[in-house]
Amino acid sequence: MGLARVPGSGLPAYLVDQPAFYDRPGNPYAGPDGHDWPDNHRRFGLFGWIAAELARGADPGWSPDILHVHDWHAGLTPAYLAARSPLAGHVPTVFTVHNLAYQGLFPPAVFPELGLPPGFFSIDGVEFNGLVSFIKAGLFYADRLTTVSPTYAREIQTADFGCGLEGLLRTRADALTGILNGVDPHVWDPRHDPVLPRSYGPEDVASGKPLAKAALQRRLGLDDRPDAPLFGVVSRLTSQKGLDLLLACLPEIVADGSRLAILGSGDSDLEHGFSVAAAAHNGEVAVEIGYDEALSHLIIAGADIVLVPSRFEPCGLTQLYALRYGTLPLVRRVGGLADTVVAATAVSLADGSADGFAFDDDSPPALIAAARRASSLFRERAIWLRMIRRAMSRDFSWTAAAHRYLAVYRELQPGLVPA
Ligand code: ADP
């Protein structure tokens, strides 16, 4: 374990240096063959154990006021703390769920390797349907729970979104808070984005944004059609994101005169389906399979509408980026999407609060109806421009989120002041 500093902030950072566990090819979870490492319980268990030891006072030179851990990867930390008495005072814990669908489940045979007391493998502990669940450990043992939007905080207490953990989450409802994520205003800023042919703000969006659209069409080999609504997608291609719905609707959306620009990677069925659709609609539908930061910025800026038809969405970031760039989100009304997009209705159009489109049913007709509503408003230029300016005026900075996290910390440590 070594001490470092978080760049730009001077905050201390402890790095867990265990090359036998972490110095491996592939991503943090899986090897180059895409399979999870078979010892992930030990790799992420060690990480959580060290965090807990620091919170217990293992470093005489420093100890935290709050231990705030995220997702299943750090889920065992509050369990380790509960299992061992503190060397210094008790450090309260916060556990944040970014996506309840990823749970860190392992066979029961791994439990003895984790160094937890035998009694912890029980329904009042880390056991979940006979398996070891790292996320349940966090949900059960942490003092406070948060997730990344108010609507998702409610949804995960229901059977439709709770992934089997809704009962536990209901018993912990008083400890659970939904706090929306923020956007990095320096990385996602149409006034200072090197990817754009010309920067723009709300005052010159009407002349700046069409240049981004033209550049995007050229980059992807789409026909140059400023008058046709261009729908963009930047996403993992998984069933969570509801893009099978889009694939089912795609011929109708194109027949309506709209265009599509899609960037993503993930499930091979979806990658194949979108690639076939692009070949069948040359010049009208463009698909890039892969991960490409620069192209993602160009799509967010150059599209007229960004589609996020997710089945569930803890917060979602693409719709927040889109709003900043004056690209109107079309979303399914779930989770953070419901909390961040003001869908166009007679009322919201009249009072000027509309900045996007939403649908409820998990079905192609519902998506098509919303896409048609967006395309018809796209042709009403004055209304559209008003919606664009409204979208660009929304504030999703981290400052608001930081204050809400601080309020949670202060409930646990009333005397806490920011450093
Ligand atoms: P999730 O975390 O469930 O994938 P979010 O919307 O919260 O969904 O965040 C996804 C982030 O990853 C966004 O910033 C999105 O722009 C980015 N992203 C997803 N796929 C790609 C891709 N193929 N290329 C570039 N960026 C991508």
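The shell around the ligand in this predicted model is made up of five nonpolar, seven polar and three charged residues. In total, 15 residues surround the ligand, and the closest are Arg236, Lys241, Gly290, Asp292 and Leu317.

Arg236 places a polar side-chain atom 2.7 Å from an oxygen atom of the ligand. At Gly290 the backbone is involved instead of a side chain: a polar backbone atom there is 2.7 Å from a nitrogen atom of the ligand. Leu317 also takes part through its backbone, with an N or O atom that lies 2.9 Å from an oxygen atom of the ligand. On its own the ligand has 560 Å² of accessible area, and the protein covers 81% of this.

Where does the ligand sit? The space it takes is the largest pocket. Of the shell, the largest share comes from strand 10, which gives three residues.

Strands of a sheet pair through backbone hydrogen bonds, and the pairing is either parallel or antiparallel. Here three strands form an open sheet in the order 5-7-6, and the pairing is antiparallel. Strand 5 (105-106) and strand 6 (127-128) are the edges of this sheet; each has a single partner strand, so one side of each is left without a neighbour in the sheet.

How many bridges join strand 5 to strand 7? There are two, and strand 7 covers residues 131-133 and runs antiparallel to strand 5.

Technical notes. Residues numbered from 1 in each chain as written. Predicted model: local features only at pLDDT ≥ 70, side-chain atom pairs only at ≥ 80, totals over all residues. Heavy atoms only, no water. Near = heavy atom within 4 Å. Polar contact = N/O pair within 3.5 Å; in protein donor to acceptor, adjacent residues only side chain to side chain. Areas by Shrake-Rupley, 256 points an atom, 1.4 Å probe, with all protein chains shown as cover. 1 Å grid on protein atoms, 1.4 Å probe; cavity = no way out; pocket = protein on both sides within 12 Å on 5 of 7 lines; lining within 4 Å. Sits in = over half its atoms within 2 Å of the grid points. Helix = DSSP H or I, 4+ residues; strand = E, 2+ residues; numbered from the N terminus. Nonpolar A, V, L, I, M, F, W, Y, C, P; charged D, E, K, R; others polar. Pairing = 2+ DSSP bridges.
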